[in-house]
Amino acid sequence: MAQKKLMEPGVVAAVERACRNDPEALELVARLALRLALRTSAAMLGSRQDAVDIAQDVAIDVLHGLRGLRDPSRFDAWVHRIAARRTLRYLRSRRGRARAERTLEELEEQEHPATSLGEDALSEQWSAAPAIRQALAELPPRQSLALALRYVAGLTDSEIAEVLSCRRGTACSLLSRGRSALRANPLLVELRSSLQGDLSR
């Protein structure tokens, strides 16, 4: 399971200064928000250019809403939540809301055995395998986002549930089904041998 990543004290202090309109802190916070949103959105969309557009909007949202952030130590989770909303909105407009919801309903009716995909192995392959990014972009939006938050952002099950505004069990289900879909995706055939040991567990 991914370990919880605590924000560095310097980042928390920067967020606190930004809330008081410190110019240098505002610039730093904007860059942090842009970086966080870009990594997750790029993994979901399979397109860096689309992700850049979304990340820029997220950074603007963060600066506009910064004074409403009650707990600076939750900055990362807050940015992920904003990025999630914007990316899901984009995906649904691109694919069609009806299609996305229908796919999610169909998946809920299917039974997928719980299997363990080696997280270390998948994390190592993530940045180096365009096939994984493309396959991820083809998943239903919430599955795609859950996987991106786990393997790209390094969030725990509970943190993913917080970002998605759902129960922890629902987040675990999204992760499990997303991993099952990735294993079955023909785009990942070339990676099968390197991941075989983990996929067979």
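This report describes selected helices, salt bridges and backbone features of a predicted model.

## Basis of the description

The model is predicted, so local features need pLDDT of at least 70 and side-chain atom pairs count only at pLDDT 80 or more, while totals for chains, interfaces and linings use all residues. Residues are numbered from 1 along each chain as its sequence is written, and side-chain values use heavy atoms, with hydrogens and water left out.

Helices are DSSP runs of H or I with at least four residues, numbered from the N terminus. Burial is expressed as relative accessible area: buried means under 20%, exposed over 50%, and partly exposed in between, with a 1.4 Å probe and protein chains only.

## Helix 2 and helix 8

The axes of helix 2 (residues 23-45) and helix 8 (residues 141-151) come within 9 Å and cross at roughly 135°. These axes are lines fitted to C-alpha atoms over the stretch in contact, and angles run from 0 to 180 degrees between N-to-C directions. The two helices are therefore oblique to each other; angles under 35 degrees count as roughly parallel, over 145 as roughly antiparallel, 65 to 115 as roughly perpendicular and the rest as oblique.

On the side of helix 2, the contact (heavy atoms within 4.5 Å) involves Thr 40, Ala 43 and Met 44. Their counterparts in helix 8 are Pro 141, Ser 144, Leu 145, Ala 148 and Leu 149. By class, this contact has six nonpolar, two polar and no charged residues. In this scheme Ala, Val, Leu, Ile, Met, Phe, Trp, Tyr, Cys and Pro count as nonpolar, Asp, Glu, Lys and Arg as charged, and the others, Gly among them, as polar.

Helix 9 (residues 157-164) is largely enclosed by the rest of the structure, because six of its eight residues are buried. The buried residues are Asp 157, Glu 159, Ile 160, Ala 161, Val 163 and Leu 164.

A salt bridge is a side-chain nitrogen of Lys or Arg within 4 Å of a carboxyl oxygen of Asp or Glu, and the count comes to seven. In one of them, the side chains of Glu 162 and Arg 74 meet at 2.5 Å, N to O. Glu 162 lies in helix 9 and Arg 74 in the loop between helix 3 (48-65) and helix 4 (75-95), so the pair ties together parts that are 88 residues apart in sequence. Glu 162 is partly exposed at 32% relative accessible area, and Arg 74 is partly exposed at 27%.

Asp 157 forms a salt bridge with Arg 150, with the closest N and O atoms 2.1 Å apart; both residues are buried. Asp 157 also forms a salt bridge with Arg 168, where the closest N and O atoms are 3.4 Å apart. This second pair links Arg 168 in helix 10 to Asp 157 in helix 9, eleven residues apart. Asp 157 has a relative accessible area of 7%, whereas Arg 168 is partly exposed at 42%.

## Helix 10

Ser 176 is located in helix 10 (residues 168-184) and is buried, at 16% relative accessibility. The C-alpha atoms of Ser 176 and Ala 146 are separated by 9.7 Å, although these residues are 30 residues apart along the chain.

## Positive phi angles

Most residues other than glycine have a negative phi. Asn 21, which is not a glycine, has a positive phi of about 70°. Asn 21 is found in the loop between helix 1 (9-19) and helix 2 and is partly exposed, at 41% relative accessibility.

Ser 165 likewise has a positive phi, near 55°. Ser 165 lies in the loop between helix 9 and helix 10 and is exposed, with a relative accessible area of 63%.
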